[in-house]
Amino acid sequence: PFCAFNGGNDVFVDVGNKHIGLQALMKHLKVEGSQTLHVGDRFTLTGNDTKVRESASILWVANPDETTFFMRLLYRDILNARVL
């Protein structure tokens, strides 16, 4: 499940699954799961976001527009919290 690919213009690294990748990112950023929000659309039993539930809070979205909507809400709340 771990591999790297260079297709000329496209490069990707497969870290195994999103759970492993998110744990590595949280370790690098020195944050805990309680400080982390994963946004995804595949939390079903066979989905590629399911395992992440073990590491962080999740937000299950249906499409990119819904992601944008929730990220704007989150950003607004962060700005408002800084003002208070």
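Author: The model is predicted, so to speak of local features requires pLDDT of at least 70 and side-chain atom pairs count only at pLDDT 80 or more, while totals for chains, interfaces and linings use all residues. Residues are numbered from 1 along each chain as its sequence is written, and side-chain values use heavy atoms, with hydrogens and water left out.

Reader: In what order do the elements of the protein chain run from the N terminus?

Author: The protein chain holds two helices and four strands, taken as DSSP runs (H or I, at least four residues, for helices; E, at least two, for strands). From the N terminus on, their order is β-β-α-β-β-α.

Reader: How many of the residues of the protein chain, in percent, count as buried?

Author: Buried means under 20% relative accessible area, exposed over 50%, and partly exposed in between (1.4 Å probe, protein chains only). Of the 84 residues of the protein chain, the buried share is 19%.

Reader: Which residues form the aromatic pair?

Author: The structure holds one aromatic pair, for which ring centres must lie within 6.5 Å, planes under 30 degrees apart being stacked, over 60 edge-to-face and the rest tilted. The pair is edge-to-face, with 5.2 Å centre to centre and 75 degrees between the planes. Its members are partly exposed, at 48% relative accessible area for Phe-69 and 27% for Phe-70. The pair is therefore named as Phe-69 and Phe-70.

Note on methods
Rings of Phe, Tyr and Trp (its six-membered ring) pair if their centres lie within 6.5 Å; planes under 30 degrees apart count as stacked, over 60 as edge-to-face and the rest as tilted.
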